[in-house]
Amino acid sequence: MSWLRALKETARSGLKIERQRLEPLIAIRGAAGLALVIGISLVLFGPVVAASSAFGAFQAAIATFQRSWRPRPVLALVSGASLAVSTFLGYLTGSRLLLFLALLVLWTFVAGLAWAAGPTGGLIAASNVAIMLVTITLPTSVADSAVHAVMILVGGVVQATLIVLFPVRRWGAQRDALADALAAEADYARRLRHDPVAPFDPVPLMTARNAAAVTPRQARRRPPELQGSRGIAERIRPVLASLADPSLGVPSEGPERDRVRELLAAAGSVLDSAARAIRHGDPVELSPAAVAALRTPDTGTLLTGPPRRAADRLGALLSDVIETADGEGTKEEKAEADRAAESIKATADGTPSAAPHRRRPTLLRLVPVVVKAMRAELRPGSPILRHAVRVSAVAAVGYLIGTALPFGHGYWAPMAAVMVMRPEFSQTYGRSVARFGGTIVGVSLATGIVQATRPGTGLAATLAVLCALLMYLLMRTGYVVGQACISAYVVFLLGMAGGDWSQTVLERVVLTLAGGLLAMISYALYPAWETPRLRGRLGDWLKADGRYAASVVDQYAEPAERGHDDVRSALLDTREARVAWQEALAVAQHEPVRNRGLSRAAADDTQHALAELGRAAMLLEAHLPGGGATPVPDAARLAGALRRATEQGAKEVRERRVPDWSEVREALAEWDARQAGGEGGTDDPFVREGAHLLLDALEEFSRGLDGSTKPKSKPAPESKPKSKPKPTPEPEPEPEPTPTPEPTPESEPGAKLTPEPGAKPGPGPGPESESKPGPDPGPAPGPDSDRPGGRAE
């Protein structure tokens with residue numbers, strides 16, 4: 001992509017305004033806390049201290065809007081306390097330019113490294129540095145600066161107290177995440193009625209998994225309906241797919257298919273009812289028709305084999321969903337839901353017991369985790385380290401430029417630069433354009449009102465609170481809207497504190513433009529492009545996928561001696577590597593950089609091949625043998641070959657070479673030869689056929705990387721007897737990169753795998769249902785956030 005096109009696209013994205021659901025109660029609560037802090041400070045200390053305390057309350061409220069599963073009061077307190085410390089230390093060094101510049105460089109460098117802990121931490125740190133540049137200009141002595149710092153902290157305390165006293169949808173974010181996961185399962189069940197191989201988007205399940213991690217204190221207070229339903233939802237997905245897939249024994253038409261459609265429709269209805277109950281904390285209200293469809297005895301007469309086991313398993317899981325999702329209600333309502341759950345519960349066994357809650361470190365225990373993450377970024381080539389270097393240098397240069405210019409309020413330049421800079425190119429440039437546009441609108445309107453009304457202290461405070469209310473209300477509609485409100489807020493607040501109303505729109509806009517240009521120039525001079533790192537990301541995904549496939553195959557070698565923990569760990573690593581690749585690819589597509597040896601076509605082809613590799617491994621995992629199953633000795637050699645070959649292949653990808661899979665091919669050929677010669681015992685062909693799919697995916701990866709012509713697909717073989725059905729494996733949907741999404745492999749039924757007789761589906765839903773949470777998920781959209789998300793405490 002050329003520079004001109006990249007600039008046009010980033011500018012368009014920065015100025016984009018979207019229609020979003022508004023949350024007026026939360027906005028009113030944040031504005032009420034701000035008004036309360038300003039009013040108390042005006043009465044006790046005067047307008048200057050009131051301005052400092054207002055900045056603390058304002059920033060604390062913004063912190064609570066970010067998407068984090070931590071309690072909102074904690075975010076408000078952390079924001080207020082860190083801003084108070086920054087203001088006090090900044091004022092102590094403000095009178096000595098060199099000393100203050102040293103502090104500013106150090107503070108912004110640490111704030112840049114804070115992005116290693118997640119977007120929420122990086123956002124709060126960057127906001128504190130930007131606001132510190134304003135608040136240090138307000139005190140007049142050391143004692144006065146201490147008072148200002150205390151009142152800034154009070155602003156955070158007030159916002160945290162209001163959240164505790166006036167909660168809006170307590171546990172609302174966790175309820176929404178779990179309800180969205182169940183609703184996605186319900187929609188999937190309904191789509192399977194018409195398309196037995198319909199794709200599934202795993203994002204709701206991943207979000208619900210992140211939301212399920214709680215601190216010990218949260219675990220004691222978490223509502224019962226939020227405990228356990230997520231794990232059940234993850235286990236329902238493969239059961240729905242296996243029930244609908246015609247390759248498992250149910251014909252495409254006929255009474256058996258009609259019965260499956262009835263079961264899927266009933267499952268969708270029950271899951272929707274559970275989602276509504278969890279979202280609102282109400283009892284589960286089930287449709288009588290859905291309950292009747294699930295408990296009818298016709299299922300046992302129409303369905304046999306794998307479909308019958310899937311139907312029984314579905315009934316047991318839906319019963320568990322109803323029992324765990326039941327919220328507050330009358331005894332009669334609860335009793336009715338319990339009776340319905342018992343009536344549809346089948347005699348299927350093998351339901352995994354409820355797992356203990358996922359632990360999230362407390363705030364104090366999070367400190368060493370964050371420090372470790374920041375230290376890990378202190379390495380050459382780290383994009384977080386480059387961002388920290390850029391933002392610290394730009395903050396110092398911007399401060400010097402603002403001080404040298406004769407405009408006054410020179411902090412507008414470094415403040416704008418710090419607030420728009422992000423580790424990614426597109427976000428930095430898009431936010432720079434949006435901040436400049438928002439500043440023009442906000443400052444122009446505020447200056448026009450000031451020139452027309454010449455407001456006093458009280459009116460200026462009222463106007464500032466109104467601007468904050470509008471910002472809290474509209475912050476999700478776009479960054480440019482939030483910046484217009486923030487710019488007007490700063491003008492009114494500084495005017496309330498006795499600032500010079502005469503500073504013109506042109507002067508403020510010029511300083512903001514200077515800060516935005518510094519941010520853009522710094523990224524061009526010292527970039528952190530993702531495009532050159534794509535091969536490394538691809539190699540990491542290949543290595544993780546190979547380890548996951550090897551761990552699954554290895555389970556068949558000695559079922560009695562191996563647990564499933566290494567499979568789960570490898571699955572999570574695969575998820576993490578795949579997400580890292582997808583995010584890097586999406587970022588690279590907007591960068592004005594050449595492909596550096598990995599074209600877009602090669603990226604698409606190799607991505608599809610690795611998705612197929614994970615899909616085949618997922619199907620093998622779904623049929624993992626129990627402890628008493630017959631060992632498959634040849635699986636151990638194949639697992640070792642897979643692990644070594646993919647590790648070497650990842651190294652070759654990074655070195656711009658095409659991997660060779662001779663070791664895997666030879667191990668599989670020897671296995672086939674022993675089986676053909678009668679030396680392999682009574683091995684079921686299920687595992688070998690799955691291994692062939694793994695090899696096919698690896699060879700497709702090499703062809704895609706090399707850019708060679710793909711072989712024509714072979715015609716589908718004739719159907720085999722029912723004793724050896726050909727299930728279509730549940731594919732792994734790919735997150736769609738922007739702007740050229742990768743088609744999900746779920747729409748391509750393919751593998752011919754015959755399940756081992758008596759094998760039961762594993763408890764896990766597959767690789768796309770798991771993810772490793774970071775210290776905190778990303779923030780919700782707002783004036784200082786980067787991607788969409790919900791928010792409630």
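Visitor: With which residue does Arg 191 form a salt bridge?
Guide: A salt bridge here requires a side-chain nitrogen of Lys or Arg within 4 Å of a carboxyl oxygen of Asp or Glu. The model is predicted, and local features therefore need pLDDT of at least 70, side-chain atom pairs count only at pLDDT 80 or more, and totals for chains, interfaces and linings use all residues. For Arg 191, the closest N and O atoms are 2.8 Å apart, and the partner is Asp 187.

Visitor: In which helix do Arg 191 and Asp 187 both lie?
Guide: Residues are numbered from 1 along each chain as its sequence is written, and side-chain values use heavy atoms, with hydrogens and water left out. Helices are DSSP runs (H or I, at least four residues), numbered from the N terminus. Four residues, about one turn, separate Arg 191 from Asp 187, and the element that holds both is helix 8 (residues 172–194).

Visitor: Is Arg 191 buried, partly exposed or exposed?
Guide: Buried means under 20% relative accessible area, exposed over 50%, and partly exposed in between (1.4 Å probe, protein chains only). Asp 187, with 35%, is partly exposed. Because its relative accessibility is 29%, Arg 191 counts as partly exposed.

Visitor: How many residues apart are Asp 258 and Arg 261?
Guide: These two residues form a salt bridge, with 3.3 Å between the closest N and O atoms. Asp 258 is partly exposed at 39%, and Arg 261 is partly exposed at 21%. Both lie in helix 12 (residues 255–280), where the separation is about one turn, or three residues.

Visitor: How many residues apart in sequence are the parts that the pair Asp 540 and Arg 654 ties together?
Guide: Asp 540 and Arg 654 form a salt bridge whose closest N and O atoms are 2.5 Å apart. Since Asp 540 lies in helix 24 (residues 534–555) and Arg 654 in helix 27 (residues 633–654), the pair ties together parts whose separation in sequence is 114 residues.

Visitor: Which residues are linked with Arg 476 in a network of salt bridges?
Guide: Arg 476 sits in the loop between helix 21 (457–474) and helix 22 (479–496), and with a relative accessible area of 12% Arg 476 is buried. A polar contact (a pair of N or O atoms within 3.5 Å; within protein, one must be able to donate a hydrogen and the other to accept it, and residues adjacent in sequence count only if both atoms are side-chain atoms) joins its side chain to that of Glu 23 at 3.4 Å. The network links Arg 476 with Arg 21 and Glu 23.

Visitor: Which residues does Thr 135 touch, not counting residues up to four places away in sequence?
Guide: Thr 135 lies in helix 6 (residues 119–135), and at 0% relative accessibility Thr 135 counts as buried. Contact means heavy atoms within 4.5 Å. With residues up to four places away in sequence not counted, Thr 135 touches Ser 52, Phe 55, Thr 87 and Ile 152.

Key: Helices (H or I, at least four residues) and strands (E, at least two) are DSSP runs, numbered from the N terminus.
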